[in-house]
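Q: I'd like to learn how to read a fold like this one. Can you walk me through it, feature by feature?

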Amino acid sequence: MLKLLAALFVVLALALAIQRHFFSFGAQSPARYAGSEPAFDLSRHLGGDMISEGVIFGPAGAVVSRFTARMRGVWSGAEGRLSESFRYASGEEQEREWTIVRGENGRFSATAPDIVGVARGQVSGAAARLTYRLRLPQSSGGHVLSVVDWMYLTPDGVIINRSEMRKFGVKVAELIATIRPAGTDAR
């Protein structure tokens, strides 16, 4: 009986690993969006003054935080700086400044003070994917999370941002937000 339970556990673990690797949100490929319109252009769509509004879901799927952010992107050639000023519903504030460098064939890299190492990205059609390791503030435990961040450009220029954050392969949070040029109405 013990051998049967162990074998079932191994099969279940393997099935979950296969599902996560091939059929999950993080397993999407940028190539899936090749040719989709409108084409996502980092310097155009992440340039100028922007507003972001979003929610963060905890591991049980309930909303654990809400935020708004003022963003400003400034580009010079292939390099850009994206400043983000977050204000959470709790009153907490957070600042982040990304340095983004466009590469060849839609690839890009990004760094920020709370990013461990270098974030790697790919633009394809109307979408962009960015993967990185994020160090949470000490007030949130200082944990390092693996993040898969997808941005989908809508026909009217609004970006829908969806991110999954994992620790030891287990999803611990999900973020969904909009990013739009400042001065445009939320719809």
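Predicted model: local features only at pLDDT ≥ 70, side-chain atom pairs only at ≥ 80, totals over all residues.

Q: How many bridges join strand 2 to strand 3, and do they run parallel or antiparallel?
A: In a regular strand, side chains alternate between the two faces of the sheet. Here, strand 2 and strand 3 (residues 79–88) are antiparallel and joined by 10 bridges. They make a hairpin with 2 residues between them, and Gly77 in that turn has a positive phi of about 65 degrees.

Q: What about strand 1 and strand 2: how many residues lie between them in the hairpin?
A: There are 5 residues between them, and Gly61 in the turn has a positive phi of about 95 degrees. Strand 1 (residues 48–57) runs antiparallel to strand 2 (residues 63–76), with 10 bridges joining them. Within this pairing, Ile51 stands opposite Arg70.

Q: And the whole chain: how many helices and strands are there?
A: The chain has 2 helices and 10 strands. Along the sequence, the pattern is α-α-β-β-β-β-β-β-β-β-β-β.

Q: Which residues touch the most other members of the largest nonpolar core?
A: In soluble globular proteins, nonpolar side chains tend to be buried together. In this case the largest nonpolar core holds 35 residues, and Phe40, Leu42, Trp98, Ile100 and Tyr132 touch the most other members. Leaving aside residues up to four places away in sequence, Ile100 touches residues including Leu42, Trp75, Leu82 and Phe108. Across the chain, 38% of the 187 residues count as buried.

Technical notes:
Residues numbered from 1 in each chain as written. Heavy atoms only, no water. Core = buried A, V, L, I, M, F, W, Y, C linked by side-chain atoms within 4.5 Å. Buried < 20%, exposed > 50% of the residue type's maximum accessible area, 1.4 Å probe, protein only. Contact = heavy atoms within 4.5 Å. Pairing = 2+ DSSP bridges. Helix = DSSP H or I, 4+ residues; strand = E, 2+ residues; numbered from the N terminus.
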